[in-house]
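Hi everyone, thanks for coming. Please have a look at the sequence and the structure on the screen, and then I'll walk you through a few parts.

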Amino acid sequence: MFTFLSHVVTWFTTASRWQGDHGIVHRLVEHVGMSAAATLTAVAIALPIGLVLGHTGKGALLAVNVSNVGRAIPSFALLVFGVQLFGIGAKPAYIALVALAIPPITTNTYTGVRQVDPDVVEAARGMGMRERGILARVELPVAMPLVMAGVRTAGVQVVATATLAAVVAWGGLGRYIVDGLAQKDTVQVFSGALIVAVLSMATELGLGMLQRLLTPAGLRLPRASQRKVSVFPGAAAAPEVS
Amino acid sequence: MGRHGDTLYQAGREHVILTFWAVAIGLVIALPVGVAAWRWRWLQAPALGLSGAVYTIPSLALFALLVPVTGLGRTTSEIGLVGYTLLILVRNVVAGLDGVPADVREAALGMGFTPARTLLRVELPLAVPAIVAGVRIATVTTIGLVTVTALIGQGGFGQLIYDGLLRDFRTPLVLGTVLSVALAAAVDVGLVLVERALTPWSRARARARVI
């Protein structure tokens with residue numbers, strides 16, 4: 001065990017490991033860049049859908065079921081489908097990751113807008129706000145914590161699944177794990193997994209901070225009540241692993 | 001059929017076994033941990049924090065982290081899969097127990113129930129819907145994750161998906177995906193029925209409940 005760990009330390013401290021096209025820095029940039037692009041694309045698609053569905057109150061079944069089906073479809077299968085449709089490389093990975101990130105954001109946005117107190121919406125309407133204004137300046141801010149919870153779930157999941165994209169011949173940090181497994185190089189497998197695990201946790205924390213920052217001050221809960229554990233009432237509410 | 005039928009049967013069997021043990025072991029761990037974290041509040045942060053940290057690690061990475069310790073194979077898959085069930089299960093056990101009305105608990109104690117008996121006969125039964133909700137999510141999640149274990153030589157229907165990738169052949173890919181989703185849906189429905197059987201009293205209330 002000790003020898004193994006010292007090999008891992010050596011793996012990390014070899015200077016060449018950090019440089020070049022196969023270096024950690026390059027792989028990390030690849031991984032983060034792909035994840036950010038996919039998540040932002042998903043936000044651009046899912047946010048308007050969730051807002052409109054939530055505002056009009058239509059498509060409850062759609063919004064909830066999309067997320068449940070999304071959970072049941074293995075993300076691994078989604079990636080392989082991407083490869084079969086678009087060949088290997090960055091494109092199938094990108095498309096699969098976007099597809100993966102859309103359901104949680106849509107569902108959370110929808111739920112968030114639906115949960116806005118109807119009295120508040122009526123008050124805004126009574127003050128002469130147009131529907132678009134109500135959506136943008138009342139419903140979206142109030143729904144923001146849930147919207148961002150969806151973005152956070154999606155983002156963490158995208159970072160995780162981008163690891164799997166190495167299996168379908170894309171780069172990213174998953175390469176170390178996949179190549180290591182293929183070469184029976186346990187040190188490389190373990191070291192790669194360590195980087196991925198740290199990146200995932202950093203993503204979770206980072207997006208959590210963003211979530212708190214974007215929550216309007218009036219809606220921020222006192223710390224104590226935030227800590228209260230709530231039940232996952234259904235698949236739609238729980239974050240996913242991939 | 002013949003040879004392929006056999007392959008499908010083996011894959012399905014493996015998928016079900018991996019999932020069953022993951023959720024079963026997860027529940028055996030999560031029940032006492034959840035009860036303890038509910039009873040002694042200070043345990044909640046470490047219990048949920050730790051299982052939350054595991055939950056954040058991508059499955060491929062978690063399996064990979066275990067490979068040096070437990071090698072390639074079933075043990076590694078099973079430990080990883082159990083790890084992913086813990087956050088959801090512990091959380092729902094705690095939340096379910098939290099949801100037991102105080103007057104019900106006091107009535108039980110007032111009738112002379114010991115705290116242990118109150119827990120087993122009153123509080124845990126009332127927490128069953130929340131716990132089953134957790135088991136459902138954990139099971140559906142696990143069924144999806146099992147496919148990833150194809151990369152470390154397990155995988156159930158995941159083997160078909162992987163095979164589809166390696167041979168660039170759509171039939172096993174579609175079959176593996178469809179069967180995995182179908183299994184998740186079937187088991188989910190099955191667990192709803194289990195919950196109904198376990199909580200005959202909540203049926204009337206469930207009808208009135210909105211999603």
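Helices, here, are DSSP runs (H or I, at least four residues), numbered from the N terminus, and strands are E runs of at least two.

Some housekeeping. This is a predicted model, where local features need pLDDT of at least 70 and side-chain atom pairs count only at pLDDT 80 or more, while totals for chains, interfaces and linings use all residues. Residues are numbered from 1 along each chain as its sequence is written, and chains are lettered from A and ligands numbered from 1 in the order in which they are written.

Now find helix α3 of chain B, residues 59-70. Its 12 residues reach 16 Å from first C-alpha to last, close to the 16 Å expected at 1.5 Å a residue (the expected span is 1.5 Å times one less than the number of residues). Which residues of α3(B) are buried? They are Ser59(B), Leu60(B), Ala61(B), Leu62(B), Phe63(B), Ala64(B), Leu65(B), Leu66(B) and Val67(B). That is nine of the 12, so α3(B) is largely enclosed by the rest of the structure.

What do those buried residues pack against? From chain A there are α7, α8 and α9, and from chain B α4 (74-98) and α6. Just after α3(B), Gly71(B) takes a positive phi of about 75 degrees.

Next, the two chains together. 42 residues of chain A are in contact with 45 residues of chain B, where contact means C-beta atoms, placed from the backbone, within 7 Å. On the chain A side, the largest share, 10 residues, comes from α9(A).

The contact is made by His7(A), Val8(A), Trp11(A) and Phe12(A) of α1(A), and by Val187(A), Gln188(A), Phe190(A) and Ser191(A) of α9(A).

Last stop: Thr141(B), in helix α6 of chain B, residues 115-146. Is Thr141(B) buried or exposed? Buried, because 28 other C-beta atoms lie within 10 Å. Thr141(B) and Ala184(B) are 43 residues apart in sequence and 8.4 Å apart in space, C-alpha to C-alpha.

Technical notes
Contact = placed C-beta atoms within 7 Å. Buried ≥ 20, exposed ≤ 12 C-beta atoms within 10 Å, placed from the backbone.
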